[in-house]
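Q: Please take a close look at the ligand site in this model. What surrounds the ligand, and what does it contact?

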Amino acid sequence: MANLQVSLGKIQFSNPILTASGTFGTGEEFSPFLDLNHLGGIVTKAVTREPRAGNPHPRIAETSAGMLNSIGLANVGVDRFIAEKLPFLKGLKCRVIVNVAGKTIDEFAEVIRRIESAGGMDGYEINVSCPNVKEGGMAFGTNPDVTAEITKKARQVTDKFLTVKLTPNVTSITEIAIAAENNGADALTVINTLVGMAVDIRSRKPKLATITGGLSGPAIKPVALAKVFQVAGAVKIPVIASGGIMNVKDVIEFLITGASAVQIGTANFVNPKISEKLVDDLDSYCEEHQINSIEEIIGTLKLND
Amino acid sequence: MRANTDTTIRLATGKILAAFSVTEDIKKIRISHRQTAECALPGQFINIKTSDSLFPLLRRPFSINRTNPAQGWFEILFRVVGAGTNALAQLKIDSDIDFVGPLGNSFSLPDKSQNSVLVAGGLGIAPLEFLAQKLTEEKLSAHLFWGNQSSEAFSYQKQFSRLNLKTFFATDDGSLGFRGNVVTLLERELAALKDENICIYACGPNPMLRALQNFAAAKNLTCQVSLETMMACGFGACMGCNVEKADGSGYFYVCQDGPVFDIKEIRIYG
Ligand SMILES: Cc1cc2nc3c(=O)[nH]c(=O)nc-3n(C[C@H](O)[C@H](O)[C@H](O)COP(=O)(O)OP(=O)(O)OC[C@H]3O[C@@H](n4cnc5c(N)ncnc54)[C@H](O)[C@@H]3O)c2cc1C
Ligand SMILES: Cc1cc2nc3c(=O)[nH]c(=O)nc-3n(C[C@H](O)[C@H](O)[C@H](O)COP(=O)(O)O)c2cc1C
Ligand code: FES
């Protein structure tokens, strides 16, 4: 067994394989398929202050090597989350990070505060990058000042691990990354989905009710790699990669490029056991390549000089 | 509707035992997988990875069409419409097939006093045939109303000989049975039946289900309907398969709350 443990500042994960928000429910949905405790951690579906019904149907469409979604942060709201989901999550041995979203700047901190007063979780992921909501979401994450403000307010209500999830739909992702770093983020999650669209040529209608949605899956991996590379080069805090990871080779690519951990998203729909399998595959990879500790390969990208 | 209380949803590998062509583009495959054959209920579906490639990436959902628990196999019936179903149609006998299931809730069986009326549009026959199998096993009879665009698909009716069904057919072009849509045929025949104590089970394209929804409301008939939507996960994780509640209070999720719904509780578009 290789040492797969990774440290992301104040928090350790038993391995760098986490699951991405919105693709893994609250983990319970996946318990028929795998042992959640084998994962490095899980990131929950977004939690907002009020319950949200989400966007109209249709919300998903398949595209070349990817999918579009416009779920619109459908969730039961923080109070029911605390009552119904927290007990299960607290029973897990793997790390649990709660993905938090909001319509207003204050809502993020409010959601975290309520979860903290119910005992809290291992950490929080600030979702300022959802492309599928009219208010808040990506509108926040494309503005460095707003990102800074939300991060600062969240920092005031918790000492726990705080990662800010960035959108690629900006001119300069490093500017937003630095704003989050300077205001107390412990890590950055790179990236959320890209704005995309698909059209049904028979009906001449968009395939999503919201017209555009968020593109995910293997199609976005090269974009995610480039963004991880840029962000990792611009900040001192660790980067968690998200975008198109399907197999262990993808995981290694992101670690080499500078990510300290990765999130598995769309791949969970294709193979509900994939996240656990990747932990095993990563272990085998390390053995085969005589890597004693996975941290040895993080940020080892060789550049021509 | 019976909720899925089953904790045996699994990622499974079955083997293709047989493949049949009903018409040029309607196919049936028989999959060996004992646990699924034993525990699947009418209305439930499986989510199949149709190829190892990145396109199609997502799994494709198919209703369980028939089971044979004694021999440990079940069947799906499907129309080739795109890349996923094309890949399925190419699968050779003895090859492995990767699926998640059984998923979703199931049809509630009728009271012994109720008469079951099955209404299918096109490949909507797929889950209803499994229901008819269960009814037959329970020594119950049923009426089946089946509409298709043309008479081609009706070669399939020989499958019904082992079922306790009285059949009524409709075609858009009148090439077989009633000329017109199946709901119109149903209205006409039910008037002749003069039976109030019926339970309708339906699956088919949305325009048909809309017409049926209006009819069931007007006559105050109970109707369970199996719905189709786009799906990514199939087990309640992606929130992609929403259908609007009739009272406007939000959404159901077809893979978990359904695919079988009381027709009064949902909004049907198209
Ligand atoms: C619960 C459930 C049970 C189903 N049972 C059956 C069945 O027994 N037999 C059968 O032939 N079909 C069934 N379907 C529909 C079947 O899943 C689609 O025909 C199939 O996914 C098409 O895949 P494709 O790659 O061949 O086509 P694509 O190229 O993906 O699409 C072709 C057409 O099919 C539609 N479609 C694509 N994916 C879906 C989907 N997930 N659900 C509904 N429509 C879709 C598209 O809108 C498009 O019009 C079921 C769907 C659901 C949700
Ligand atoms: C159906 C779906 C729902 C998602 N919901 C959320 C969410 O609630 N919060 C969030 O931060 N990201 C959400 N995402 C984005 C994913 O967490 C992930 O960052 C993105 O899909 C890219 O990774 P992937 O290509 O591995 O899927 C969602 C993605 C999908 C496909
Ligand atoms: S298909 Fe994912 S929640 Fe229904």
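A: By class, 10 nonpolar, five polar and four charged residues make up the shell around ligand 1 (Ala, Val, Leu, Ile, Met, Phe, Trp, Tyr, Cys and Pro count as nonpolar, Asp, Glu, Lys and Arg as charged, and the others, Gly among them, as polar). The model is predicted: local features need pLDDT of at least 70 and side-chain atom pairs pLDDT 80 or more, while totals for chains, interfaces and linings use all residues. Residues are numbered from 1 along each chain as its sequence is written, chains are lettered from A and ligands numbered from 1 in the order written, and side-chain values use heavy atoms, without hydrogens and water.

Ligand 1 lies between chains A and B. The shell holds 19 residues, the closest being Arg60(B), Pro61(B), Leu77(B), Gly84(B) and Thr85(B); a residue is near a molecule if one of its heavy atoms lies within 4 Å of it. Strand 4 (60-63), strand 6 (73-79) and helix 2 (83-90) of chain B each give at least two shell residues, and strand 4 of chain B has the largest share, four residues. Helices (H or I, at least four residues) and strands (E, at least two) are DSSP runs, numbered from the N terminus.

- Arg60(B): a side-chain N or O atom is 2.7 Å from an oxygen atom of ligand 1.
- Leu77(B): a backbone N or O atom is 2.8 Å from a nitrogen atom of ligand 1.
- Gly84(B): a backbone N or O atom is 2.6 Å from an oxygen atom of ligand 1.

Taken alone, ligand 1 exposes 840 Å², and the protein buries 79% of that (Shrake-Rupley method, 1.4 Å probe).

Note on methods:
A polar contact is a pair of N or O atoms within 3.5 Å; within protein, one must be able to donate a hydrogen and the other to accept it, and residues adjacent in sequence count only if both atoms are side-chain atoms.
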